[in-house]
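Dear colleague,

Please find below the structure that I am handing over to you.

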Amino acid sequence: KSGTNEFHGGVFEYMRNDAIDARNYFDPPSNGPKALLHRNQFGAYIGGPIIKNRTFFFGDFQGSRLREGQIDISTVPTAAERTGDFTDRGYVLYDPNTTNPSTSARQLLNPSDPMVIPANRMDQIGQNIVNLFPVPNRPGYLTATSSNFILYPVATLSGNQFDIRVDHKISDHDQLFGHASLEDHPQFQPTPLPGQAGGCCGGNMNMREQNHAIGYTHTFGSNLLNDLRFAYIRYAVTSTPVDFGSNVSSQVGIPNANHGNVQTSGLAAININGYNNLGDSSWIPELAKDNVYQVADSVNWIRGKHTIKFGADFRRYQRNFYQSQAAFGQLSF
């Protein structure tokens, strides 16, 4: 808004804190900790004269801080499964090297113990992938092999935004204004599994929005007014996985996943049927920088009982965008 010949302002604070909250009755487990919640939105605003009757200002600021605990329950391999023993699941294991595509005939991988992978058939890369999983830390739901891991990660947000506007009366016929707005919102969304395991749907995201404008109004007479404006708008978002910048797939031993550039860094998206996903989200990194340049002019003309408005509005759009599905590879089993 515009400032006035008098100073006006204020401050505000909005707060939520788990210290004054009850524990959510439905949060598992029943004897688990109370979810963390620290939320603050605070700011101030002020407006007034720079030169009385001629120049005015108005400005504001708002900060946002959030730390919010989450509860993620996953299914991870049991201690026995991590060593190749699938007796708890009742899986009979067949040797993939003996499968006949024509007849579907196949032989047991380990005839003496059909549910266990022999030590000499354990693949090191496969074992490295399995080792990314955390060990179970809770009794499974219904069976020991399901919903047997719980994590209490914390999502964070730290945002700042401000606006400032200055109005200046050049003469009775000419007025000028300018304003600038900026908003930053970096945030972190944790993954359901700790460390490099990831588990999809987490990462860092930073959004920045900017809006700047200058306006000039000239009054030619009691029935004719011209309004000229210049504006620039920018939107930028950088969304990256938790392992961004680290070639985790190469470290594990998965070939041709990380190509040496930062866009393909991280851990390949790995889906193993019956377990929680491993790896980073398939849709990030997402990098966008959009710009809009605008020039607009309008004329208001009062003619007798009629008001006529006409003018022109020119906008140049720039769309700079990068996103690739699973740039670091995707594996399903």
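At the start of H2, which backbone nitrogen does a side-chain oxygen of Asp 123 reach? The backbone nitrogen is that of Ile 125, and the side-chain oxygen of Asp 123 comes to within 3.0 Å of it. Please bear in mind throughout that this is a predicted model.

Within helix H2, the buried residues are Gln 127, Ile 129, Val 130 and Leu 132. These buried residues pack against three other elements, namely helix H1 (79-82), H3 and S10. As a general point, an α-helix has 3.6 residues a turn, so residues three or four places apart point the same way.

The largest nonpolar core has 21 residues, and those that touch the most other members are Phe 133, Leu 193, Val 252, Ile 270 and Leu 278. Two or more residues of this core come from each of helix H2 (124-132), strand S5 (149-151) and helix H3 (248-252). In soluble globular proteins, nonpolar side chains tend to be buried together.

Apart from neighbours within four places in sequence, Leu 278 is in contact with Ile 129, Leu 132 and Phe 133, with Leu 193, Ala 197 and Gly 199, and with Ala 268, Ala 269 and Ile 270.

**Asn 258, a polar residue in a loop**

Asn 258 is located in the loop that runs between H3 and strand S10 (269-271). Is Asn 258 buried or exposed? Asn 258 counts as buried, because its relative accessibility is 11% and the cut-off for buried is under 20%. The side chain of Asn 258 has two polar contacts with the backbone to report. One is with the backbone nitrogen of Ser 249, at 3.2 Å; another is with the backbone oxygen of Gly 266, at 3.2 Å. When residues up to four places away in sequence are set aside, Asn 258 touches Asn 247, Val 248, Ser 249, Ser 250, Thr 264, Ser 265, Gly 266 and Phe 328.

**Lys 34, in another loop**

Lys 34 lies in the loop between strand S1 (8-17) and S2. With a relative accessibility of 36%, Lys 34 counts as partly exposed. Which backbone oxygen does the side chain of Lys 34 reach at 2.9 Å? That oxygen belongs to Asp 18. Not counting residues up to four places away in sequence, Lys 34 touches Asp 18, Ala 19, Asp 21, Ala 22 and Arg 23. Lys 34 and Gly 69 are 35 residues apart in sequence, while their C-alpha atoms are 8.8 Å apart in space.

**A nonpolar patch on the surface**

A nonpolar patch on the surface is formed by Ile 50, Ile 51, Phe 61, Phe 162, Ile 164 and Val 166, which together have about 490 Å² of accessible area. Strand S2 (37-51) and strand S6 (154-169) are the elements that give two or more residues to the patch. S6 contributes the most, with three residues. Phe 61 belongs to strand S3 (residues 55-69), and Phe 61 counts as partly exposed at 33% relative accessibility.

**Salt bridges**

How many salt bridges does the structure hold? There are eight salt bridges. Side chains of opposite charge can pair when their charged atoms come close.

- Arg 89 and Glu 81 meet through their side chains at 2.7 Å, N to O, and both residues are buried.
- Asp 172 and Lys 169 form a salt bridge in which the closest N and O atoms are 3.4 Å apart. Asp 172 is exposed, with a relative accessible area of 63%, whereas Lys 169 is partly exposed, with 31%.
- Arg 208 and Asp 184 meet in a salt bridge at 2.6 Å, N to O. Because Arg 208 lies in strand S8 (residues 203-221) and Asp 184 in strand S7 (residues 174-189), this pair ties together parts that are 24 residues apart in sequence. Arg 208 is partly exposed, with a relative accessible area of 34%, and Asp 184 counts as buried at 19% relative accessibility.

With kind regards

Note on methods:
Residues numbered from 1 in each chain as written. Predicted model: local features only at pLDDT ≥ 70, side-chain atom pairs only at ≥ 80, totals over all residues. Heavy atoms only, no water. Core = buried A, V, L, I, M, F, W, Y, C linked by side-chain atoms within 4.5 Å. Buried < 20%, exposed > 50% of the residue type's maximum accessible area, 1.4 Å probe, protein only. Helix = DSSP H or I, 4+ residues; strand = E, 2+ residues; numbered from the N terminus. Contact = heavy atoms within 4.5 Å. Polar contact = N/O pair within 3.5 Å; in protein donor to acceptor, adjacent residues only side chain to side chain. Patch = residues over 30% accessible without salt bridge, like charges linked within 9 Å, V, L, I, M, F, W, Y side chains within 5 Å. Areas by Shrake-Rupley, 256 points an atom, 1.4 Å probe, with all protein chains shown as cover. Salt bridge = Lys/Arg side-chain N within 4 Å of Asp/Glu carboxyl O.
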